[in-house]
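Biologist: I would like to learn how to read a model like this one. Could we go through it feature by feature?

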Amino acid sequence: MDFALTEEQSAIFDMAHAFGQDRIAPHARDWERDGTIPKELWPEIAALGFGGLYVSEEAGGSGLTRLDATLVFEALSMACPSVAAFLSIHNMCAKMIDKFASDEMKARVLPRAMSMETVLSYCLTEPGSGSDAAALKTRAERTNEGYTLNGTKAFISGGGYSDAYIVMVRTGDVGPKGVSTVYVEDGKPGLSYGGLEDKMGWRSQPTRQVQFANCNISSGDLVGEEGKGFTYAMNGLDGGRLNISACSLGAAQQALNLTLQYMSERKAFGKSIDQFQALQFRLADMEIELQAARVFLRQAAWKLDTNAPDATKYCAMAKKFVTEAGSRIVNQCLQLHGGYGYLADYGIEKLVRDLRVHEILEGTNEIMRLIVARQMLADH
C-alpha cells in the first residue's frame, strides 16, 4: 500500500496551486463582493486541462483519475473554495456527457465544454425535492421534434450565468425509473431564471432558480436513454462528493497555514501565542484531523477509480467525514485568530462561510449516513 503521490500527481497539485494563488486568490474577495466569477477565467483554467479533468482523452479531456482530480480541487480551494467548487460542477456535467451521451452529442458539446467556452451547470434539486431527489416534478413531455419542459429547479450554481444545463426531468411515472437527463442551452425560449439568491457563502457563484415554461428541446438533447437519468445523476454525485470534500480539505489546509503564520506573529503575555501549550494542543488536534481526512478522501477516490463494489459507500463516508472536519478546522482557526478572525482582511471568515454549505450539497451529510447504514445492513 503506497501512500505517496507520484511525481506526476505532485506536479498536477503544484500547477493547480500556483494558478490558484496567482489568478484566483488575489481576486477572491472582489469576486465575492461582485457576486460573480469573470467568464474569462474559465478558458485560462481549461488551458491547464481542467475543463474535463476525468473526461476521456478520446473525447478531448485530460483522462485523469478521480484521485488526480481531488488534488486539483484541493489545490484550487486553497485560493477560493467557491471557484473550485464551481469548476467541480462543470466537470461533473462534462463527465456525464462523456460517459452517457450519444456520439452526436459528444461531438457537438464536449469540444466547447473542454475549452470552457461552454460552462455547464447541474440541475437536479427542486423547491420541493432536495434529499428526496427522485420526487422531482419538472416534466419533459414528448413532442414530434423532442421534448417540452415545464418546471423549476432550485439552488442552481450558475443559474443565469452558465451556457448550458444538465437537467434531470420526469419523462415517465413517479420514482427514479421515470427520470431522464436532458441538455438545455442558455437562450432557449421558455428558459428563464429566478432572482439572484443572497447566500451565506459561495457568494462569487451566481445562484438562481432555473425555470422552464414550455421550453422545447430536440430529441438529440436527451442524454443517454430515457428512464436512466436518475442513475446518471447519482453516478455523477459519487465523484462530486469527492470533489467537494477536496474543496473542504484545501480550504482547511489554507486556514491552518494562515493560523500558524498568525500565531507566530501575535504576541500575548510577552511571547508569541504559538508558544502556549494549550494552543499547541489545538493545533495538533487540527493537524491530526486534517491528515486523517486527507487519507480517507484519497482512499475513497482510489475505490472509485478501481470500481470497487463499495465505492459509493466510501464516497459517502468521505464526504461526511471530510466536510465536517473541514468546517471544524476553519472554525477553530477563526477562534485562534481571536477578533481578527472575524475580519474579512484575514481571510478566515470567508472560509468558514464557504465551507458550511459543503455539509448540505451533493447530498446532505444526513443522507451520507443513510447510504452508509443501508450498505452496512445489506452486507450483513
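**Cover, charge and domains**

Modeller: Start with Lys39, which counts as partly exposed because its relative accessibility is 34%. Buried means under 20% relative accessible area, exposed means over 50%, and partly exposed lies in between (1.4 Å probe, protein chains only). This is a predicted model, where local features need pLDDT of at least 70, side-chain atom pairs count only at pLDDT 80 or more, and totals for chains, interfaces and linings use all residues. Residues are numbered from 1 along each chain as its sequence is written, and side-chain values use heavy atoms, leaving out hydrogens and water.

Biologist: Which side chain does Lys39 meet in a salt bridge?

Modeller: First, the rule: a side-chain nitrogen of Lys or Arg within 4 Å of a carboxyl oxygen of Asp or Glu. Lys39 pairs with Asp163, at 3.5 Å from N to O. Lys39 sits in the loop between H2 and helix H3 (41-47), and Asp163 in the loop between strand E3 (146-157) and strand E4 (164-170), so the pair ties together parts 124 residues apart in sequence. Helices (H or I, at least four residues) and strands (E, at least two) are DSSP runs, numbered from the N terminus. Asp163 is partly exposed too, at 24%.

Biologist: How many salt bridges are there by this rule?

Modeller: The count comes to 24. One of them joins Glu32 and Arg353, with the closest N and O atoms 3.0 Å apart. This pair links distant parts of the chain: Glu32 is in helix H2 (residues 28-34), Arg353 in helix H10 (residues 348-356), and 321 residues separate them.

Biologist: Are Glu32 and Arg353 buried or exposed?

Modeller: Both are buried. H10 as a whole is mostly covered, with seven of its nine residues buried. Among them are Ile348, Leu351 and Leu355. The cover includes H2, helix H5 (81-100), helix H7 (229-265) and H9.

Biologist: Where do Lys320 and Glu324 lie?

Modeller: An α-helix has 3.6 residues a turn, so residues three or four places apart point the same way. Lys320 and Glu324 are both in helix H9 (residues 311-336), four residues apart, about one turn. They form a salt bridge, their closest N and O atoms 3.1 Å apart. Lys320 is partly exposed at 25%, whereas Glu324 is buried at 13%. Salt bridges can also share partners, joining Asp30, Arg33 and Asp34 into one network.

Biologist: Now the big picture. Into which domains is the chain divided?

Modeller: Domain bounds come from an automatic or database domain assignment. Here they give domain 1 (7-115), domain 2 (120-227) and domain 3 (230-379). The C-alpha centres of domain 1 and domain 3 lie 20 Å apart. Contact means heavy atoms within 4.5 Å. In those terms, 23 residues of domain 1 touch 33 residues of domain 3.

Biologist: What does the UniProt annotation say about residues 6-117?

Modeller: UniProt positions use the numbering here, feature names are shortened, and annotations may be inferred rather than shown by experiment. The unreviewed UniProt entry labels residues 6-117 "domain: Acyl-CoA dehydrogenase/oxidase N-terminal". That span is 68% helix and 0% strand in the model. The UniProt entry, unreviewed, also places "domain: Acyl-CoA dehydrogenase/oxidase C-terminal" at residues 227-377. This second span is 75% helix and 3% strand, and its end C-alpha atoms lie 28 Å apart.

Biologist: Is Met1 buried or exposed?

Modeller: Met1 is exposed, at 91% relative accessible area. Met1 lies in the segment before helix H1 (7-24).
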